[in-house]
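User: I have a fold to look over before I plan my reading of it. Please take my questions one at a time.

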Amino acid sequence: MQTAPSSARAVLTRLADRARSMNLRTEFSGDPRRANKFSFEAVDIAFDFSKHLIDEEILGALVALADESNLRGRTEEMFSGQKINITENRAVLHTALRAPKNAEIFVDGENVVPGVHQVLDQMSAFANRVRSGEWRGHTGKAIKNVVNIGIGGSDLGPVMAYEALRFFSRRDMTFRFVSNIDATDFAEATLDLNPEETIFIVSSKTFTTLETLTNAHSAREWLIEALQDESAVSKHFVAVSTNAEEVAKFGIDTANMFGFWDWVGGRYSMESAIGLSTMLAIGPENFREMLAGFHEMDEHFRTAPWRQNIPALMGLLGVWYSQFLGAETCAVLPYEQFLKRFPAYLQQLTMESNGKRVHLDGTVVDHQTGAIYWGEPGTNGQHSFYQLLHQGTKLIPCDFIAFAKPLHPLGQHHDYLIANVIAQSEALAFGKTAEEVRAEGVKENLIPHRTFPGNRPSSTFLLEQLTPRNLGKLVAMYEHSVFTQGVIWNIDSFDQWGVELGKVLAKRIIGELESGAAPAHDASTNALIQKYRVWKQQP
């Protein structure tokens, strides 16, 4: 059903004009309790959203919007296994991947939790064999190199998790990730690896994904060329898939096939068997700690009132800026080098989920939906794009993520780092007036250039330390924020039909690139195909 006008939406439309002229300096000076009103701690995360363009009335209207949109009811539908992905008629149960063993979650009459833990146990047994050296390659050597081959959710989650938790990983093992069909990706990933000590994880639910299988076959050829024996494949390849026939045809022993389910979307799958490379890197115990963090945030989102609910408030603020204030992007700014791939991971999670233009009933959305997510770890970003954040013309809400304790204590580095993240949120919110600049003796013609308008909104998330458990909390926090926005906008956050058309056309064009037949597309596409053919044939 199309989203109907609601009293909360009408109120928020009216309040948007107030927000556009809001002065955060005045808001803070006029209310000494503002910082306390709009901040709290839950699941060991200190969440400060006091520097947003909101007041009590706006927050109340956002919470009312959640209630009018039946966010609580839709949340229960998701957690209980109802098929809320309506275009694919699927349940959406990434939350079951981190549920405890005694939980009961039913899909089509079957409790899925035992199957989840069976796969986890299978992953753990395999990881322990590889990490201990019990698993041997074709020539009897222990495995020292792990190469994950996937794309999309089968790559972005594992890459992000490995980089985020590298501190906890086996430093005597090498982990690489191949996703791009560009041959450079595979060639560079394997350039310095010994095939005798390398194992490949091929992640493809259907075992037919073009990019993944192209890279997998190149890996197979690379291995066989070095070891001169096709039977070596079974010792150097495992699969994360549900297609046993294709896995066996490839030469992988199906005993080393790790399954998952159609109620797990790719971008929500990093804690399933898709995370096998993560488990190999950090070990089963740390992997289960990460799952515990996911589950802790799941329960917080499911049970906490909206005003004390971190993911729900994040989602509501995202709706506020996108739908009512016209913001088009959101910057994610982790002040932790290990989270350097976190913004890239969130790009798929958020934009593939909520980059939708129609409601659940197929009617066209008449406002902005998903924001463009981007970012870099601090303080690198400060010397790159923060100029635009502070003095540009765009409204860009920011998420600052920081940790009180460093993983690598070194002199005053961490104090400097945290000073920067706190200072940036302060500078964005309050800016620097022309009067303040003038009082510093700045020449009059330079004052406009040295003035900071402020009123640039941000959230700050402070955690104790980057650990597997806390990484799980952060990922689940954004997952549920995405879900909240999807419910408010009445869109399907769990399909991704927008990725299909390009893939279909690419398959057609592949044949045209390799043949001499006249291409049958538009003039621009035809010309590009023909130019490629000419240059490809030139010596």
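User: Which helix gives the most to the lining of the largest pocket?

Analyst: This is a predicted model. Four helices each supply at least two residues of that lining: helix 7 (153–164), helix 9 (210–227), helix 15 (342–354) and helix 21 (500–514). With five residues, the top contributor is helix 21.

User: How much space lies in the largest pocket, and which residues lie nearest its centre?

Analyst: The space comes to about 1,200 Å³. The lining counts 42 residues. Nearest the centre are Thr209, Gln496, Val499, Glu500 and Lys503.

User: What about the second largest pocket: which residues are closest to its centre?

Analyst: The second largest pocket holds about 380 Å³ of space. Its lining has 14 residues, divided into seven nonpolar, six polar and one charged. Closest to the centre are Gln337, His408, His413, His414 and Leu417.

User: Leaving aside neighbours within four places in sequence, what is phenylalanine 461 in contact with?

Analyst: Phe461 is one of the residues with the most contacts inside the largest core. Beyond four places in sequence, its partners include Ile310, Met314, Asp399 and Met477.

User: What is the radius of gyration of the protein chain?

Analyst: The chain has 22 helices and 13 strands. For 539 residues the globule rule gives 24 Å, and the chain's value is close to that, so the chain is as compact as a globular protein of that length. The C-alpha trace spans about 75 × 60 × 60 Å along its principal axes. The radius of gyration is 25 Å.

User: What percentage of contacts join residues at least 24 apart?

Analyst: Buried residues make up 52% of the chain. Now take contacts between residues at least 6 apart in sequence. Of these, the share joining residues at least 24 apart is 74%.

Note on methods:
Residues are numbered from 1 along each chain as its sequence is written. This is a predicted model: local features need pLDDT of at least 70, side-chain atom pairs count only at pLDDT 80 or more; totals for chains, interfaces and linings use all residues. Side-chain values use heavy atoms; hydrogens and water are left out. On a 1 Å grid over the protein atoms alone, a cavity is a set of points where a 1.4 Å probe fits but cannot get out, and a pocket is an open set with protein on both sides within 12 Å along at least five of seven lines; lining residues have an atom within 4 Å of a point. Grid points are joined across faces, edges and corners, and a volume is the space filled by probe spheres set on the points. Ala, Val, Leu, Ile, Met, Phe, Trp, Tyr, Cys and Pro count as nonpolar, Asp, Glu, Lys and Arg as charged, and the others, Gly among them, as polar. A nonpolar core is a set of buried Ala, Val, Leu, Ile, Met, Phe, Trp, Tyr and Cys residues joined through side-chain atoms within 4.5 Å. Buried means under 20% relative accessible area, exposed over 50%, partly exposed in between (1.4 Å probe, protein chains only). Contact means heavy atoms within 4.5 Å. The radius of gyration is taken over C-alpha atoms; the globule rule is 2.2 Å times the number of residues to the power 0.38.
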